[in-house]
Amino acid sequence: METGTRYEVDKQLLAEVFIDWKKAFDAHKPTQDSDRLAYVGFAAGLMLRGLLSHKPVKVTDKAKDADQTKPAHFWPEGYLYVVFCLNVRGLIIEQDFHGEQHLNDDINDIRTWWSFKENSAEDPSLSIAFLDLFAGDKPDWSFPGTFRSKNAREIAGRRVKEIIGTAQ
């Protein structure tokens, strides 16, 4: 989408984003092949977290008639980062897994973007959960910065239910 927004990229900060992303990617990389598809979304979220933390892009010019109720105009840098991460995520899902990404309508909801901007500023790992939300996946709001295999998530969910059941 053409928004009329112009950006400036700090190449040094962008390089730092990729270096930090690679370290985080390797630290969380799953050992089970069955987790590879889920890890694509998590890895894209790690990139978003890095972009939001380092802020390698600055807006240099906005359209005069920019509609602030549209996410692309409300938070141009955040929108640029999200679109980049979703595009890479979608390409990998399509090419490596022959699937497709189905974006959630929240991607266009300004209230969600207000929450996204505010919450990811307080806790950058929440950007991973918001990217999952935008991508149409189920976000992990409790521990968004930690990749857990599908089996681990199911076991943890059952264990929480057991603990709650015995506490009542």
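In α5 of this predicted model, I110, T112, W113, F116 and S120 are buried, meaning under 20% relative accessible area, with exposed set at over 50% and partly exposed in between (1.4 Å probe, protein chains only). Seen down the helix axis, these buried residues fall within an arc of 150°, so they line one face of α5; the arc is taken from the directions from the axis to the C-beta atoms. The face turned away from that buried side carries the exposed residues R111, W114, E118, A121 and E122. As for partners, the buried residues of α5 pack against α2, α3 (71–74), α4 and α6, with contact meaning heavy atoms within 4.5 Å. Helices here are DSSP runs (H or I, at least four residues), numbered from the N terminus.

Then there's α6 (residues 126–134), which is mostly covered, with 9 of its 9 residues buried. Among them are L126, F130 and F134, along with S127 and D132. The cover over α6 includes α2 (36–54), α4 (76–97) and α5 (110–122). Just after α6, G136 takes a positive phi of about 85°.

Residues are numbered from 1 along each chain as its sequence is written, and side-chain values use heavy atoms, leaving out hydrogens and water. Since the model is predicted, local features need pLDDT of at least 70 and side-chain atom pairs count only at pLDDT 80 or more, while totals for chains, interfaces and linings use all residues.

Technical notes. Helices (H or I, at least four residues) and strands (E, at least two) are DSSP runs, numbered from the N terminus.
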